[in-house]
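Visitor: Please take me closely through one part of this structure, and give the cut-offs behind each term as you use it.

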Amino acid sequence: MPRLCVGCHLSMAKGYAAMGRTAIALDATTFAFFTRNPRGGTVRKLVESDVATLRDIMAEHAFGPLVAHAPYTYNLCSAKEDVRAFARRSMAEDLERMEALPGNLYNLHPGSHVGQGADRGIELIVEGLNELLEPGQRTMVLLETMAGKGSEVGRSFEELARIVDGVRHDELLGICLDTCHVSDAGYDIAGDLDGVLAQFDRVLGLGRLKALHLNDSKHPVGARKDRHERIGEGHLGVACFERIVTDERLRNLPMILETPNEPSGYAREIALLRGLADERG
């Protein structure tokens, strides 16, 4: 049985190869990173030798797909045209740069409709994705499941399905399920993982699920708060994550930790998850 493809969010401050080496030190076989400054538009210069070294590291250490993360500032369904244009322009640049790491994943918060209503938000997100997704690109875009705070779009499987249904090249579109978010949105993954996955399958199809964000939650199911907690220290509990990492429908997906941690804490959580999956090194 292959090892879990598990890792955490890493800083790009020292470049691509440095992230790969850090991942190895943590016993990770994937990782996430922001494509640019998470709160702004600053982008790091792409150095081909640096990216090539990361590709070599990934091949040598049997990494699974990486899960790049779009900055939080992107909002494809903003009420302001200049904000939507910035998101589309920046995403296009991100996806072009991701071609240097072919076959990986690009995770996106769908957006916030900011009072326009979910219907209009979905319409604008579909419009943006139809402009961005082109046949032949080697990066799959993932829509992240959201917790439902404020005017977020993507708080239900049905909202995500409406986006997918409107996108022409939906073969380039997948879903990243965030355990904290779906619980906060009202899906009881801690108490009924099978039921939640069955609902996901009915609405979106499990084949659409391409990655997981593994986060415990500071709040109970349905709270709509989006506050991550360390694994086993929140309302989901260790048993929930044991079910996830041993579930044949999930265990082969890339799993990214976004818990409030330092590197040593991520190393402990990665070791915990590997132990729960009954890996022996």
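**Cysteines and a helix pair**

Guide: The sulfur of C240 lies 11 Å from the closest cysteine sulfur, that of C180, which is too far for a bond, a disulfide being a pair of cysteine sulfur atoms within 2.5 Å. The model is predicted, so local features need pLDDT of at least 70 and side-chain atom pairs count only at pLDDT 80 or more, whereas totals for chains, interfaces and linings use all residues. Residues are numbered from 1 along each chain as its sequence is written, and side-chain values use heavy atoms, with hydrogens and water left out.

C240 is buried at a relative accessible area of 1% (buried means under 20%, exposed over 50%, partly exposed in between, with a 1.4 Å probe and protein chains only). C176 is likewise buried, at 0% relative accessibility, and its sulfur is 12 Å from the closest cysteine sulfur, in C5, again too far for a bond. Over the whole structure, the search finds zero disulfides.

Turning to the helices, helix 5 (residues 157-166) packs with helix 7 (residues 193-203) at an angle of about 25°, their axes being 10 Å apart. Helix 5 is therefore roughly parallel to helix 7 (angles under 35 degrees count so), and it passes helix 7 in a right-handed crossing, that is, the near helix is turned clockwise from the far one by less than a right angle. From helix 5, F157, E158 and A161 meet V196, Q199, F200 and V203 of helix 7, contact meaning heavy atoms within 4.5 Å. By class, this contact has five nonpolar residues, one polar and one charged.

Key:
Axes are lines fitted to C-alpha atoms, for helices over the stretch in contact, and angles run from 0 to 180 degrees between N-to-C directions. Helices (H or I, at least four residues) and strands (E, at least two) are DSSP runs, numbered from the N terminus. Angles under 35 degrees count as roughly parallel, over 145 as roughly antiparallel, 65 to 115 as roughly perpendicular and the rest as oblique. Ala, Val, Leu, Ile, Met, Phe, Trp, Tyr, Cys and Pro count as nonpolar, Asp, Glu, Lys and Arg as charged, and the others, Gly among them, as polar.
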